[in-house]
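These are my notebook entries on one structure. I record below what I looked up and in which order.

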Number of protein chains: 2
Amino acid sequence: MADVGRLAGVSPTTVSFVINADGTQTISPATQQRVFDAVEQLGYRPNRAAQNLRTQQTSTIGVITDEIAVEPFAGQVIAGAHDEAWSQGSMLLVVNTMRSRPVIEAAVEDLLDRQVDAIIFASAGTRRVTLPAAVARVPTVLVSCFTAGNTIPCVLPDEVAGGRAATQLLLDAGHTRVAYLTGAPGAWATRGRLRGHREALAAAGLDPREQVVVPGNYHADSGYELTRGLLRTPHLPTGILCGNDRMALGAYLALAEAGLRIPEDVSVVGYDDQDPLVTEIRPPLSTVRLPFYEMGRWAAGRLLSGTTDRLPPRTYLTCPPSPRRSVGPPRIIPVRTPTL
Amino acid sequence: MADVGRLAGVSPTTVSFVINADGTQTISPATQQRVFDAVEQLGYRPNRAAQNLRTQQTSTIGVITDEIAVEPFAGQVIAGAHDEAWSQGSMLLVVNTMRSRPVIEAAVEDLLDRQVDAIIFASAGTRRVTLPAAVARVPTVLVSCFTAGNTIPCVLPDEVAGGRAATQLLLDAGHTRVAYLTGAPGAWATRGRLRGHREALAAAGLDPREQVVVPGNYHADSGYELTRGLLRTPHLPTGILCGNDRMALGAYLALAEAGLRIPEDVSVVGYDDQDPLVTEIRPPLSTVRLPFYEMGRWAAGRLLSGTTDRLPPRTYLTCPPSPRRSVGPPRIIPVRTPTL
DNA sequence: CTGTTAGCGCCTTCAG
DNA sequence: CTGAAGGCGCTAACAG
């Protein structure tokens with residue numbers, strides 16, 4: 001920097017001023033030009049370590065995640081946070097904890113030592129978490145998880161609206177007898193989606209108690225078994241809503257085995273919009289997308305704008321429907337005689 | 001740090017020495033203890049920004065990746081690099097380029113400004129890349145890609161051995177008539193796998209020219225179509241090897257439609273070991289795993305040990321077979337009459 | 001074995 | 001509109 005100043009015939013101070021032009025200083029255009037030329041000529045780049053030391057900030061966000069290699073999830077959260085951060089000149093320092101408590105604690109300490117400007121904590125599968133107290137020393141936003149007393153602002157998928165949207169996909173096509181093969185009963189997501197499902201049914205003038213709802217576990221197997229169970233029923237529903245895309249895959253298999261076509265004989269809807277699953281199966285699956293990318297982006301955005309103190313305890317982002325070809329009009333006479 | 005020294009009754013220098021005990025200094029145990037006590041009592045933690053400025057290194061590796069949210073790929077590479085880095089006290093600064101040239105250039109500059117100790121450049125799908133010249137300013141390793149003159153050390157999956165392993169899964173079960181539904185013909189991976197396939201065939205005493213090989217494109221659709229093509233053939237092979245797991249999924253669908261069971265009627269082998277696909281479909285798919293995690297880990301390991309100058313231009317990591325239940329003994333009489 | 005001293009490169013009041 | 005000076009927190013010669 002001293003060199004630049006020398007070449008431009010100004011002091012290092014002036015160089016600093018023109019480089020970090022923050023509006024509070026007024027440097028003559030001529031001088032500015034000379035400085036820029038010198039910077040260019042010398043290939044000068046400011047030393048970030050020195051800036052960090054001086055300014056106490058690093059343009060860096062620490063991202064602590066359960067498991068980076070789990071899809072759909074961390075990758076998208078990170079991608080969203082990354083894109084927002086990148087657009088504002090910040091970068092992401094990522095830590096993968098594999099849910100290990102000691103790692104989480106060490107990660108927070110280390111990130112704090114490295115003077116990250118903020119922390120994003122993201123979990124795979126919405127759940128309650130308890131974080132080391134130290135996170136309070138820096139602005140923090142939780143993605144897809146929350147703390148006991150909502151002590152830290154968080155962003156969550158709006159599963160209730162998602163459940164409504166998924167159901168609506170079937171309702172809009174004219175279905176009036178739909179089965180819901182839910183995910184694992186205990187999960188936060190499951191409860192929200194089921195509630196949304198019932199709301200949509202009721203809003204369409206259908207009695208939720210007359211529709212079939214059976215509990216699954218988010219695995220393809222349960223989608224398969226549950227669908228087979230449905231097939232043994234006298235009145236096969238015209239539409240099947242699955243807890244997630246994997247369960248929908250199971251439903252596809254069971255339906256194919258039974259010689260039933262999608263969507264001609266039965267319509268199927270998933271949840272998650274999990275690539276490449278949904279686009280690779282035939283027909284492509286109608287589903288609802290979880291806003292992982294958006295949540296990551298939202299978190300980084302709030303953090304970078306430095307307005308985390310005025311944030312509501314919980315923010316919900318919508319799960320948009322992703323209609324594809326697995327939903328069609330209901331078959332007129334979908335009645336089947338029980339097999340056996 | 002001055003406070004710590006004061007509390008322990010020593011100079012800041014001494015504090016630095018005991019904290020960074022590098023063996024070159026000898027501090028009396030008593031003094032060390034006093035320093036540690038003071039550190040503990042004050043909750044002192046060294047300021048990384050200051051250390052970075054002073055030592056010119058940051059215990060940080062920059063990871064530049066095509067697309068972080070693409071599975072199977074960047075997530076695992078990052079997870080591997082992360083685990084290795086973490087075990088040595090380093091962290092990862094990740095940048096997602098979406099293959100944009102300007103972003104790649106900016107990323108390298110920014111990472112260099114931030115004084116990363118090393119850079120890992122990872123691509124989705126092995127291919128040749130050209131990097132900004134500036135990467136040369138810091139140790140760099142390429143993952144799943146390579147440069148024109150092999151100017152930068154890289155680590156790649158051993159696709160030839162992988163192709164052999166995949167084929168061997170079928171051969172070991174007793175198959176002598178196998179079809180290979182390849183991935184996109186132009187791809188580096190496709191060529192290696194095909195070569196390995198032929199080697200395995202030859203090594204088993206089979207004439208590669210008598211086996212059927214048809215080109216696909218890595219999508220489920222092509223697996224589906226190609227398998228249907230096979231079904232129209234008088235002699236259906238007893239084993240089908242697919243270019244990747246998605247194509248295998250297509251094969252599953254085509255086989256199910258034709259009323260053929262896996263592995264009783266036909267055995268199927270995939271490639272990639274893509275979760276959750278391979279474990280969620282029935283039967284679970286026998287496949288070959290791409291060593292993304294290992295490549296990431298390997299890259300970080302070499303970089304951190306500071307021995308990148310003595311590295312061979314290319315290092316191949318094995319693709320281990322992942323046998324599951326989609327392979328069984330060949331059917332005695334798999335002959336079918338053409339379905340016209 | 002321990003303390004003194006001098007920066008690492010930058011930002012930022014405060015004077016001019 | 002520009003320059004001088006001090007210091008962010010730490011490390012590494014160099015003395016003692």
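Helices (H or I, at least four residues) and strands (E, at least two) are taken here as DSSP runs, numbered from the N terminus. The model is predicted: local features need pLDDT of at least 70, side-chain atom pairs count only at pLDDT 80 or more, and totals for chains, interfaces and linings use all residues. Residues are numbered from 1 along each chain as its sequence is written, while chains are lettered from A and ligands numbered from 1 in the order in which they are written.

**Entry 1: the DNA strands.** I looked up which elements face DNA strand D. I noted that α2 and α4 of chain A and α2 and α4 of chain B each supply at least two residues of that surface. The most comes from α4(B), with five residues. A residue is near a strand if its C-beta atom, placed from the backbone, lies within 6 Å of it.

I then turned to DNA strand C, which has 25 residues around it, with A:M1, A:N47, A:A50, B:V10 and B:T26 nearest. Two or more residues each come from α2 (12-19) and α4 (48-55) of chain A and from α2 (12-19) and α4 (48-55) of chain B.

**Entry 2: helix α9 of chain A.** I read α9 (residues 220-231) as twelve residues, reaching 17 Å from first C-alpha to last, close to the 16 Å expected (1.5 Å times one less than the number of residues). I listed its buried residues as A:A220, A:S222, A:G223, A:Y224, A:L226, A:T227 and A:L230. Buried denotes 20 or more other C-beta atoms within 10 Å of the residue's own, exposed 12 or fewer, and partly exposed in between, with C-beta atoms placed from the backbone. These buried residues pack against β6 (178-182), β7 (212-215), β8 (239-242) and α10 (245-257) of chain A, together with α11 (277-280) of chain B; contact requires C-beta atoms, placed from the backbone, within 7 Å.

Technical notes: Contact = placed C-beta atoms within 7 Å.
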